Amino acid sequence: MTQQQSIRRRGLAAGSLAAAVGLLATALATTPSVAAAGPAVPFGSHQFPYTAGTLKPSGTQAAVDQQVVTTYKAWKSAFVRQNCGNGWYQVLSPDADHPYVAEGQGYGMVVTALMAGADPDAKKIFDGLVKYTLAHPSVNNSALLAAEQDPSCKSVDGSDSATDGDLDVAYGLLLADKQWGSGGTYDYKELAVKHIAGIKKSEVNATTQLMLLGDWSGSGESHHWITRSSDWLIDHFRAFRTATGDSAWDTIRTAHQNLITSQQSKYAASTGLLADFVVNTNGTPKPASGKVLESSHDGDFGWNACRDPWRIATDAVTSGDAASLASARKLNAWIKAKTGGDPNKIGTGYHLNGSAFESGKDMAFTAPFAVVALTDPGSQTWLDALWGKLAATPVDPKLYYGASVQLQSMIVASGNYWVP
């Protein structure tokens, strides 16, 4: 409905100009179509307070928000591209196996939807990412996204899916539905529900209710009883339950929370650390022993599991769930003690007992610990030290992975994350 159509026509006389102006002003202020032109939850509006007791970085909220916007602008400049025409947008991943990966497109969709209001181009970029994902379906399930594309944006390496990318694509679509509605170029809600159904069908182990590595690891495949801890996105499962009304997502969520709790208790009682990969899910789940997919450190807290503190704590602060809160606090207590409260001492790889096996530094490992720090009322000084580190670390255009984790951890830590 246009602004003019929203005014009920009453055969206004020539002398009724003032009344007409008044009616138009009222229409401009109240017509839903006008309000819908912008995002429903603009960045910085803080419409969804976190659970009581959650910390936030010291300083004014406006200053904290601005630090996120600054990092976002640098991330966007470094990694958001239109390299392949067709009206597509892509997130570039120069440090991955291929220049475009599903994980990156998922990150882009979630980030862009959350930053709407701070970036006037958010919807345009989001729609370009949607167009790209729709043009690159998995060969196994066309509702899912092919995991990798080459420099010409052609899907490669089997054109099958990667679970983490699909989880974020679906979540991003749900955010977009809340932000902009689903009456435009794309029906975000319909696309989200279709994607969620694809995830349930092809990326959830029907026996264990745990996430598979992708739609390629179905029944009979050698990795079928392996799950990756960075795919255990508890808040996403809550959103999928709300969007679909399917109680299976409650079962799936609970299975993952129980696994997090048991893995911490059995294999990392003093640290809370989780392994990149957990095997034997059809029996007694345990950390991988040696290489099962990526490296000899598949059973350690490595380049996949480094994201777990961010993901677990995100559910803790948005839902207040006791299990997520307990798991996040274990991680926070360990890393704070391990580093003596110095974020510069966070390394890039730990055995589950807390001993380091790498001495590098990377935002992919450092940033997630700022999110778990939110959950401990006694960690304000530690949180502020972490926040200062994140805010002062420039985006490295060669390191898409660390920068993407850094930005998303900052979005959560600043109080700007929400669950649709």
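In the predicted model, the axes of helix α4 (residues 102-114) and helix α6 (residues 163-180) come within 8 Å and cross at roughly 20 degrees. Because angles under 35 degrees count as roughly parallel, α4 and α6 are described as roughly parallel to each other. Their crossing is left-handed. On the α4 side, the contact is formed by Ala102, Glu103, Gly106, Tyr107, Met109, Val110, Thr112, Ala113 and Leu114. The α6 side contributes Asp164, Gly165, Asp168, Val169, Tyr171, Gly172, Leu173, Leu175, Ala176, Gln179 and Trp180. By class, the residues of this contact comprise 12 nonpolar, 5 polar and 3 charged.

Leu173, one of the α6 residues in the contact with α4, is also listed among the residues with the most contacts inside the largest nonpolar core. This core has 107 residues, and Trp75, Phe126, Ile199 and Phe240 are the other residues named with Leu173 for their contacts inside it. In soluble globular proteins, nonpolar side chains tend to be buried together. Apart from neighbours within four places in sequence, Ile199 is in contact with Leu144, Asp166, Leu167, Ala170, Val204, Met211, Phe240 and Trp249.

Phe240, a contact of Ile199, belongs to helix α8 (residues 234-244), where it is buried together with Ile234, Asp235, His236, Phe237, Ala239 and Ala243. The buried residues of α8 pack against α6, α7 (188-202), α9 (248-267), α10 (308-319) and α11 (322-339). After α8 comes Gly245, with a positive phi near 70 degrees.

Positive phi values also occur in residues other than glycine, namely at Cys153 and at Ser159. Most residues other than glycine have a negative phi. The relative accessible area of Cys153 is 4%; because buried means under 20%, Cys153 is classed as buried. Ser159 is likewise placed in the loop between β4 and α6, and its phi is near 55 degrees. With a relative accessible area of 14%, Ser159 is also buried.

Key. Residues numbered from 1 in each chain as written. Predicted model: local features only at pLDDT ≥ 70, side-chain atom pairs only at ≥ 80, totals over all residues. Heavy atoms only, no water. Axes fitted to C-alpha atoms, helices over the stretch in contact; angles between N-to-C directions. Helix = DSSP H or I, 4+ residues; strand = E, 2+ residues; numbered from the N terminus. Parallel < 35°, antiparallel > 145°, perpendicular 65-115°, else oblique. Left-handed = near helix turned anticlockwise from the far one by under 90°. Contact = heavy atoms within 4.5 Å. Nonpolar A, V, L, I, M, F, W, Y, C, P; charged D, E, K, R; others polar. Core = buried A, V, L, I, M, F, W, Y, C linked by side-chain atoms within 4.5 Å. Buried < 20%, exposed > 50% of the residue type's maximum accessible area, 1.4 Å probe, protein only.
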